[in-house]
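Have a look at the model below.

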Amino acid sequence: MINDELTIIMEKYYYILLNIATFSVPFFFSFEKKWMHFARFWKPYFLAIISVGLFFIIWDVFFAYSDIWGFNDQYLLGFRILKLPIEEWLFFLLIPYSSNFIHYSLEYFFPRLQLSKIATQIISIALLIISLGVVLGNYDRLYTLCSFGLFALLMLAQIIYQWKYARRFYLSFILIYLPFYFVNGALTGSYSVNPVVYYDNAENLGIRVGTMPLEDSFYCFSMLYSSVLLFEFLKKKMNLDQPIRISHGHKNN
């Protein structure tokens, strides 16, 4: 009986502990000064994450009220704002911070790791064609329409403006996807009896990557790359546009 009660109590911390565990290591290494000392960019970085996060929170609230997805109280502390648990609000701050920290760590340690301009453009065009095809074939599925539609708009903008950041981010996202797969899998039932987040499958393709809908992957890319673009813009505006690779014993590349 005691063990059952303890299990119930611990389950309530499942989502919040997942957020904290994902955030803690990148947060700790943001303060080191021997390498990239990422904390010096916090003002534009957090501003970018919060600004982009607000857009996705509005999306999240709308979908929650539309019952396109919902949250299992079994794994939540129980405090909600606009039908979103407090853990979900923190998700849009902590997970983008941790994910894009991986991108900038790769930029620091592997400054020459990037695609060519032509390869980046070809990939962007291919992704645009694929995402548009999915949208046109599934416009009656709201999550599919929004996820792939936003991704298609982002790819179209990338093709037009040819932002140089995609040359690195397309490669970074491959590595970012590994922890994302674990975290989102933890939320969609890979490691728990019931999922923390459940979906109305009539509104998505019904294709799962592990336990998470395929749409989540494109949703993730759009959120993370958008925050990178805004961060780089704000960094210039705030005259903080020094290279990430600026540390003791290293020359700028």
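How many salt bridges does a search of the whole structure find? It finds three. A salt bridge here is a side-chain nitrogen of Lys or Arg within 4 Å of a carboxyl oxygen of Asp or Glu. The model is predicted, so local features need pLDDT of at least 70 and side-chain atom pairs count only at pLDDT 80 or more, while totals for chains, interfaces and linings use all residues. Residues are numbered from 1 along each chain as its sequence is written, and side-chain values use heavy atoms, leaving out hydrogens and water.

Take Asp67 and Lys83. Their closest N and O atoms are 3.8 Å apart. This pair links distant parts of the chain, 16 residues apart.

Arg80 meets Asp73 at 2.7 Å, N to O. Arg80 is partly exposed at 31%, and Asp73 is partly exposed at 43%.

Glu232 and Lys235 meet at 3.4 Å. Both lie in helix α8, three residues apart. Glu232 is buried at 6%, and Lys235 is buried at 3%.

The search finds one cavity of 30 Å³ or more. A cavity is a set of points on a 1 Å grid over the protein atoms alone where a 1.4 Å probe fits but cannot get out; lining residues have an atom within 4 Å of a point. The lining has 18 residues, with Glu88, Phe91, Asn184, Asp216 and Tyr219 nearest the centre.

Notes. On a 1 Å grid over the protein atoms alone, a cavity is a set of points where a 1.4 Å probe fits but cannot get out, and a pocket is an open set with protein on both sides within 12 Å along at least five of seven lines; lining residues have an atom within 4 Å of a point. Grid points are joined across faces, edges and corners, and a volume is the space filled by probe spheres set on the points. Helices (H or I, at least four residues) and strands (E, at least two) are DSSP runs, numbered from the N terminus. Buried means under 20% relative accessible area, exposed over 50%, partly exposed in between (1.4 Å probe, protein chains only).
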